[in-house]
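Please look through the structure below with its helix packing and its metal site in mind. The paragraphs that follow take these topics in turn.

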Amino acid sequence: MSSASSSSRPLTLSGYPRAIAHVDGDAFFTSVEQSVHPEWKGCPVVTGQERGIIACASYEAKALGIKRGVALWEAQRMCPELVVVPSDYELYSLYSKRMFEIMRRYTPMVEEHSIDEGFVDLSGLRRVFHGSYEAIAREMQATIRRELDIGVSVGLGPSKSIAKLASKFRKPYGFTPVAGYHLHLFIPRILLSDVWGFGRNTVQLLQQYGLRTAWDVVQRSEAWISQLLGKPGREIWHELRGESIYAVNPEEKTSYTTISKCKTFTAPSADRAFVYAKLIRNLENAFAKLRRYKLSTRVITVALRTKGFMQQGMEARLSRPTSATQEVLPVVRTLFDELYQPGEAYRTTMIALGKLQEDRGIQYELFEDPVRIDAMNRVAQAMDVINKRLGKHKVQLGPALDLARGEETGPRDIPPQRHNNLLPGETARKRLRIPRLAVPV
Ligand SMILES: [Mg+2]
């Protein structure tokens, strides 16, 4: 039985029992840059200059094979006239706010999923706007383009999962409505790995049972999927069948973009353990901030800058969001080992956390060890509490202990003279703006 023949049978006859639109910015950061700098329209533009790694590539750059995550020097070799700009997250947040503000003109039922992605529940609005759900969603898309001069792709469907798959289906400036009675034509074209909520392990497991597409999933019984994947799997099964389970959550969120921590040390160092320890210190700071804002991250970038100001970075995407420092240590170690060149002296290390989202506890992948992960989370939280009480970095991760070693032995540890001359309330880093007089008494 091929999926093509089975998929000629409609899954449901209803259109939009709920009408949910997913709005997704097309190459959002570079689109914003092009909106602010119209002279860059039609040019290949990338952001991420500050890390030496591409954070976002415009469609013109993508056409040349330049993607996010590619090293900057490599991209510039591929395209010498590439426009390279540093990320301006304040600007992107501003555009993001205005984009969501446009969406909220139609309904308050808007969920900010990330800086450039949101869900809108349009259910029941046809009367109000005298038009179909498609017409309302299209107008929203056109308004965003007219007022902000950026392109977004829109998917419309009876559930959040379908809407999200639909917005990705055609890009850029795509519009893909998937009514319930067209689901049987749409989801056979969706691979398991594209389904929201299916991680790598889940996909592998389903493949062992011969499933390939979202259609194969919904053809199985609810009992079968429940037994294999539990409640999360059952919920996705319903969502893919056009039965809305995940509600659009209109709570307004604080702006979240990326968290980055960057440290320059006074004398550049070629001591591998010392440089790594500095990086881990940044990691701890970044994760402490992440937990303070009750967020979790999915993308980690590590960057190192040499004495000669050459910057190189690499990023890793995690299979699911996390806020536990320990959990990402192996990933950070790997990135560091890739970047670190023995014999080279480094002056700066940086960690950036991206794809931030509200920390809603963990949705475990299958085969993961919830007890171990839970333990790591609790260690992280305990460290936050202790460090808050006793002072920063009283408790720290093992690798950061190399800092103490390096600080005691190296010549870099000789503190500048001003450190010995602190006024009450000052620290080596924070100086009060009080003029000082050296008066012999
Ligand atoms: Mg996007």
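Angles between axes under 35 degrees count as roughly parallel, over 145 as roughly antiparallel, 65 to 115 as roughly perpendicular, and the rest as oblique. The model is predicted, so that local features need pLDDT of at least 70 and side-chain atom pairs count only at pLDDT 80 or more, while totals for chains, interfaces and linings use all residues. Residues are numbered from 1 along each chain as its sequence is written, and side-chain values use heavy atoms, with hydrogens and water left out.

Helix α5 (residues 89-104) and helix α7 (residues 133-148) have axes that come within 10 Å and cross at roughly 140°, and α5 and α7 are therefore oblique to each other. Y95, R98, M99, I102 and M103 of α5 make the contact with M140, T143, I144, E147 and L148 of α7, where contact means heavy atoms within 4.5 Å. By class, this contact of α5 with α7 has seven nonpolar, one polar and two charged residues.

A second pair is formed by helix α13 (residues 272-292) and helix α14 (residues 325-339), which pack at an angle of about 140° with their axes 11 Å apart; α13 and α14 are therefore oblique to each other.

Turning to the metal site, the magnesium ion is coordinated by D24 (OD), G25 (O) and D116 (OD), at 2.3 to 2.5 Å, donors being N, O and S atoms within 2.8 Å of the metal (3.2 Å for Na, K and Ca), and water is not among the atoms, so sites may look incomplete. The spacing of these donor residues in sequence is D-G-x90-D. Both D24 and G25 are buried, that is, under 20% relative accessible area with a 1.4 Å probe and protein chains only, whereas exposed means over 50% and partly exposed lies in between.

Notes:
Axes fitted to C-alpha atoms, helices over the stretch in contact; angles between N-to-C directions. Helix = DSSP H or I, 4+ residues; strand = E, 2+ residues; numbered from the N terminus. Nonpolar A, V, L, I, M, F, W, Y, C, P; charged D, E, K, R; others polar.
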